[in-house]
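Hi,

Here is the structure I said I would pass on. Have a look at it first, and my notes on what turned up are just below.

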Amino acid sequence: MKPNKLSLAIVSTLALAACGTPEEEAAAEEATAASPLKQVDVKPIDAADTIDAGLLVGAKAPDNAVFATSDGEQKLKNILQDGAAILVFTRSVEWCPFCQTQLKALNGIVPDLKERGYDIYGVSYDSPDAQDRFSMNQMLEYQMLSDENSSVIDAFKVRDPQYTEGRAMGVPYASIFVIAEDGTIKGKSISGDFKKRPTNAQLLLLLDGI
């Protein structure tokens with residue numbers, strides 16, 4: 001796949017704060033509103049913001065992974081039959097405002113991803129109904145996939161182990177996997193701090209380096 005040049009007008013900076021409280025949600029909304037498209041120099045994803053977790057680059061993604069949607073099951077192997085894919089594992093579309101911010105921001109580069117030959121999918125442990133509500137409200141231009149029992153999260157080895165009870169039990173690290181049509185993982189980013197996510201421009205830069 002021959003990479004295209006990065007456009008310098010595609011950055012949507014994600015808010016960097018914790019999820020959950022009303023004050024934090026307000027901060028997330030304020031940060032989102034203050035992040036218009038602008039010209040910047042694009043820097044690669046900082047290694048200091050990532051951790052050594054998840055399946056390795058070069059390994060095969062679990063071809064038996066099965067997601068749920070409101071239309072029924074969706075298998076990873078069937079997704080890859082349509083072409084290379086990017087899976088964005090995120091904590092929750094219901095209670096994590098910074099996950100919401102990330103998923104909304106990704107809308108802005110769907111055409112850029114398609115030009116590079118990728119379809120993008122969001123993955124969370126939320127129900128298909130919850131994902132559908134979020135997708136409709138935010139007019140997402142890509143599909144959300146439900147992993148309510150965190151089985152795919154576990155298969156990709158990205159479950160966040162610090163949560164052993166409560167609503168966050170079973171959530172993944174904020175993770176991105178770039179998967180070729182043959183199931184090979186070509187690139188990834190696993191955020192060590194869920195408050196920090198790659199920008200759209202950094203994701204495109206990652207793809208262009210593969």
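Let's start with a salt bridge (a side-chain nitrogen of Lys or Arg within 4 Å of a carboxyl oxygen of Asp or Glu): Arg 159 makes one with Asp 154, with 2.7 Å between the closest N and O atoms. Arg 159 has a relative accessible area of 32%, so it is partly exposed, and Asp 154 is partly exposed too, at 34%. For those words, buried means under 20% relative accessible area, exposed over 50%, and partly exposed in between (1.4 Å probe, protein chains only).

Before going on, a word on what you are looking at. This is a predicted model, where local features need pLDDT of at least 70 and side-chain atom pairs count only at pLDDT 80 or more, while totals for chains, interfaces and linings use all residues. Residues are numbered from 1 along each chain as its sequence is written, and side-chain values use heavy atoms, leaving out hydrogens and water.

The whole structure has six salt bridges. One of them joins the side chains of Lys 60 and Asp 182, at 3.7 Å from N to O. Lys 60 sits in the loop between α1 (22-33) and β1, and Asp 182 in the loop between β6 (175-179) and β7 (185-190), so this pair ties together parts 122 residues apart in sequence. Lys 60 is partly exposed at 48%, whereas Asp 182 is exposed at 52%. Another salt bridge links Asp 119 and Lys 114, at 2.8 Å from N to O.

As for the overall layout, there are seven helices and seven strands (DSSP runs numbered from the N terminus: helices are H or I, at least four residues, and strands are E, at least two). From the N terminus, the order is α-β-β-α-β-α-α-β-α-β-α-β-β-α. Of the 210 residues, 50% count as buried.

Strands β1 (residues 66-69) and β2 (residues 72-75) pair antiparallel over four bridges; pairing requires at least two bridges found by DSSP. The two strands form a hairpin with two residues between them, and Thr 69 has Gly 72 in β2 as its bridge partner. Asp 71 lies in the loop between these strands and, at 77% relative accessibility, counts as exposed.

And what is buried? Leu 204 and Val 42 are 162 residues apart in sequence, with their C-alpha atoms 9.7 Å apart in space.

Cheers
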